[in-house]
Amino acid sequence: AARRGTARRPLSTKTAPHPFESFLSGTSSNYVEEMYAAYKASPESVHVSWRSVFAAMDKGVPAGAIFTPPPTINAGATLTSAAVAPADAAAAQDHVKVMQLVQAFQSRGHNICDLDPLGMYDADLDGSMPPELELASYGFTEADLDKEFNLSTLQGAGFLAQDRGPVKLRTIYDRLKETYASKVGIEYMHLWDTEQVNWLRDKIETPSDQVYQYSAAERQVIFENMAKADHFEAFLASKFSLAKRFGLEGLEVTIPGLEEMINVAVDRGVENVVLGMAHRGRLNVLANVCQKPLEQVFAEFQGNAMPDEDSPDFSGSGDVKYHLGMSQTRTMPCGKDVHISLVANPSHLECVNPVVSGKARAKQHYTGDTERAKTMPILLHGDAAF
């Protein structure tokens with residue numbers, strides 16, 4: 001302890017480092033000493049920038065002249081002088097909020113989709129709005145809607161595309177609601193592959209009129225497939241009104257969607273398609289995608305379907321018709337043949353998923369498809385999550 005009346009000496013006689021040489025402070029002393037020892041042993045072993053610093057120190061160059069940084073980095077400026085202006089800080093904060101808004105819609109927009117055409121929210125659906133999807137939660141008001149924000153990112157797509165440019169907040173918010181909170185719920189933010197996420201974002205977030213324009217011939221093909229799906233269900237409902245069939249009413253677009261998916265895949269080299277799905281729409285897929293003979297479908301409804309003894313097809317096993325599958329080779333509109341297998345489905349719907357994956361993998365193995373490009377598995381969930 002210091003004697004009474006004796007002046008205390010300062011804890012340190014070191015002066016503060018020059019602003020140009022803040023890297024020579026005590027926090028980095030061990031690192032600098034190791035570098036200096038390496039320099040004394042072999043000057044060539046350290047970077048040329050450190051060589052110049054140590055050479056100046058050995059020559060007794062005064063503090064502040066040992067290292068002179070380039071003028072463009074505002075060297076020697078204090079934190080106060082280098083602080084961001086209040087207006088710039090507010091703009092940066094608003095930019096972050098808009099980015100959070102976009103990510104909130106991408107993650108939770110499906111929670112406010114209009115998925116109840118009957119308007120029965122009081123029955124079993126939650127009609128509340130998550131707070132992170134409201135502009136007010138981020139402090140934005142009506143006056144902020146005409147502000148422009150540049151959301152482009154280096155590896156982004158859709159709203160975050162690099163070449164998107166400044167967009168008004170009003171446009172961003174309206175487009176987010178149109179994309180993620182309309183009639184279709186979309187969930188994909190759980191994916192870890194950036195390429196897959198960006199591919200989906202590009203397809204989802206780009207307005208449909210900017211993605212692809214269908215020709216008159218293509219629209220006619222879509223209409224014909226929709227008509228086939230609709231007329232098939234209408235006939236069954238009229239002819240076999242009391243039979244359980246798990247119809248496709250309301251989602252007939254599944255048929256033209258599957259047709260186009262398989263046709264494009266086959267045109268690009270796919271030779272086998274393994275399909276797994278639940279009860280809903282199975283009969284329609286069997287008839288219009290797998291091209292199961294309609295007379296056989298109707299015979300199963302009448303209960304007098306008899307399996308052909310000479311046929312290797314065991315689908316007439318006595319199971320209910322909406323559990324049955326089939327395998328068949330058909331020619332697609334692109335002119336190429338494809339073998340389509342619809343796997344039979346048990347009552348426990350998700351059991352078919354590993355069966356489809358395993359069958360597709362086995363086909364790849366036995367056909368020598370080491371690139372995994374000639375056999376494509378397709379899984380369709382049932383009912384509300386179709």
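**View 1. D94 and K147 pair through their side chains in a salt bridge, 3.6 Å from N to O.** A salt bridge here is a side-chain nitrogen of Lys or Arg within 4 Å of a carboxyl oxygen of Asp or Glu. The pair links distant parts of the chain, 53 residues apart: D94 sits in helix α3, K147 in the loop between α4 and β1 (148–150). Helices (H or I, at least four residues) and strands (E, at least two) are DSSP runs, numbered from the N terminus. D94 is buried at 16% relative accessible area, while K147 is partly exposed at 34%. Buried means under 20% relative accessible area, exposed over 50%, partly exposed in between (1.4 Å probe, protein chains only). D144 joins D94 and K147 in a network of salt bridges.

This is a predicted model: local features need pLDDT of at least 70, side-chain atom pairs count only at pLDDT 80 or more, and totals for chains, interfaces and linings use all residues. Residues are numbered from 1 along each chain as its sequence is written, and side-chain values use heavy atoms, with hydrogens and water left out.

**View 2. R108 and E132 form a salt bridge, with the closest N and O atoms 2.7 Å apart.** R108 belongs to helix α3 and E132 to the loop between α4 and β1, so the pair ties together parts 24 residues apart in sequence. Both ends are partly exposed: E132 has a relative accessible area of 25%, R108 of 33%.

**View 3. R175 and E178 form a salt bridge, their closest N and O atoms 3.3 Å apart.** Both lie in helix α5 (residues 169–180), three residues apart, so about one helical turn separates them. R175 counts as buried, at 12% relative accessibility. The structure holds 12 salt bridges.

**View 4. V289 is buried, with a relative accessible area of 0%.** V289 lies in the loop between α10 (282–288) and α11 (294–302). Beyond its neighbours within four places in sequence, V289 contacts I255, L258, E259, I262, N284, R330 and I340. Contact means heavy atoms within 4.5 Å. L342 is 53 residues from V289 in sequence, and 9.7 Å away from C-alpha to C-alpha.

View 5. pLDDT is the predictor's confidence in each residue, from 0 to 100. The chain averages 79, and 73% of the residues score at least 70. Over residues 5–13, pLDDT stays under 50, and the model has one contact beyond four places in sequence for them.
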